[in-house]
Amino acid sequence: MRGRRRRGVGCLPVLAVLAVIVLVVILLWYMLAGCSHIPVPTPPGTTKKPTSQSASCPDVQLLAIPGTWESNSNDDPHNPTANPASLMLNVTKPVRQQFANSRLDVYTVPYVAQFSNPIAIPPDGQASYNVSRSEGTSRAVAELTTMYKNCPLTTYVIAGFSQGAVIAGDIAADIGADKGPVPADQVLGVMLIADGRREAGAGQAIEVGPTPPGEGAEVTLKGLSVPGISMTGARPGFGALANRTYTICAKGDLICAAPEQALTPVNMLPSLMTLVRAAGNPVHALYNSFVVDASNRTTATEWTAGWAEGLVNGAPHPKHS
């Protein structure tokens, strides 16, 4: 009797294995037959857009990024006062006056906006270029990400000056390559004034006004890396945004039009001193009076403001829920 009990117990594992095999076969049959209800992840960017958005959402957001020494980390993005002489205020203020809040949100990115001299003795106490550029980029991307999440039908105009142009251009290049915080088809246009990564050629920004010789300081100094300053070279291009990304650069501005003999990694110390001085030289500081349209005497900031107003006027009017 004990022997019979052992044989009876020994059959249980065999039955369990057979049951598992049957279940696996049934599951495979359902999956191969297309009867499985296991959800398939939706590829990024293929989610269907809604037909309306919240009434609190603006139709358009103008994202402005000031230049070096023209902002600070605690500035009010909707009422910036860190530097009343900020070049971007000559663009954002007149545009802001033309539209209701429901039509246009003007957001000026608050960031440290400094450029420490790495060889100053004693140290000048400012944030390094790398720290400043990183904070400006992260804050601009965070704002675009939040706006797109909450207001999926809002469209965008992006503009920056000097260090702000480098940041705006880098974000635009990511958006144009489908790696940015908002879809490329929702960006109406990009303006880069005195862009430190300016470069001519296919896929790059469209020049407004005279085209000076030279290229951006970060392109000329590609490969230079000292504590706090890393020159990143040229961008790969603006991809899907190349046909609506513009740049303005004045002759003699070493930030965006540096000749090779003026800034070279081989002559590191003289180049660094030239680069630090270039951020405050007269040419770089005069885009509010720099004429880009000789026939109408239109300045860089006037052209940019008129361009932005035109984009806002022609932008879609999303339905509100």
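The structure is a predicted model, in which local features need pLDDT of at least 70 and side-chain atom pairs count only at pLDDT 80 or more, while totals for chains, interfaces and linings use all residues. Residues are numbered from 1 along each chain as its sequence is written, and side-chain values use heavy atoms, with hydrogens and water left out.

The protein contains seven helices and twelve strands; helices (H or I, at least four residues) and strands (E, at least two) are DSSP runs, numbered from the N terminus. Of the 321 residues, 47% are buried. Here buried means under 20% relative accessible area, exposed over 50%, and partly exposed in between (1.4 Å probe, protein chains only). Among contacts (heavy atoms within 4.5 Å) between residues at least 6 apart in sequence, 78% join residues at least 24 apart.

Two disulfides are present, a disulfide being a pair of cysteine sulfur atoms within 2.5 Å. With the bonded cysteines numbered in sequence order, the pairing is 1-2, 3-4. Cys-57 is joined to Cys-151, with an S to S distance of 2.1 Å. This link of Cys-57 and Cys-151 is left-handed, with -80° about the S-S bond. Cys-57 lies in the loop between β1 (52-53) and β2 (60-65), and Cys-151 in the loop between α3 (129-150) and β4 (155-161), so the pair ties together parts that are 94 residues apart in sequence. Both Cys-57 and Cys-151 are buried.

The other disulfide joins Cys-249 to Cys-256, with an S to S distance of 2.0 Å. Its torsion about the S-S bond is about 90°, so the disulfide of Cys-249 and Cys-256 is right-handed. Cys-249 is buried, at a relative accessible area of 0%, and Cys-256 also counts as buried, at 0% relative accessibility.

Two packed helices are described by the angle between their axes and the distance between the axes. Axes are lines fitted to C-alpha atoms, for helices over the stretch in contact, and angles run from 0 to 180 degrees between N-to-C directions. Helix α3 packs against helix α4 (residues 163-176) at an angle of about 50°, with the axes 10 Å apart. This angle makes α3 oblique to α4, where angles under 35 degrees count as roughly parallel, over 145 as roughly antiparallel, 65 to 115 as roughly perpendicular and the rest as oblique. The crossing of α3 and α4 is right-handed; a crossing is right-handed if the near helix is turned clockwise from the far one by less than a right angle, and left-handed if anticlockwise. On the α3 side the contact includes Tyr-129, Arg-133, Ala-140 and Leu-144, and on the α4 side it includes Val-166, Ile-167 and Ile-171. The contact residues divide into seven nonpolar, four polar and one charged. Ala, Val, Leu, Ile, Met, Phe, Trp, Tyr, Cys and Pro count as nonpolar, Asp, Glu, Lys and Arg as charged, and the others, Gly among them, as polar.

The axes of helix α2 (residues 89-96) and helix α7 (residues 300-314) come within 9 Å and cross at roughly 35°, again in a right-handed crossing. Asn-90, Val-91, Pro-94 and Val-95 of α2 meet Thr-301, Thr-304, Ala-305, Ala-308 and Glu-309 of α7. Five of these residues are nonpolar, three polar and one charged.

Arg-244 lies in the loop between β8 (229-230) and β9 (245-248) and is partly exposed, with a relative accessible area of 22%. Leaving aside neighbours within four places in sequence, Arg-244 is in contact with Ala-184, Asp-185, Val-187, Leu-188, Gly-189 and Val-190. Arg-244 and Met-191 are 53 residues apart in sequence and 8.5 Å apart in space, C-alpha to C-alpha.
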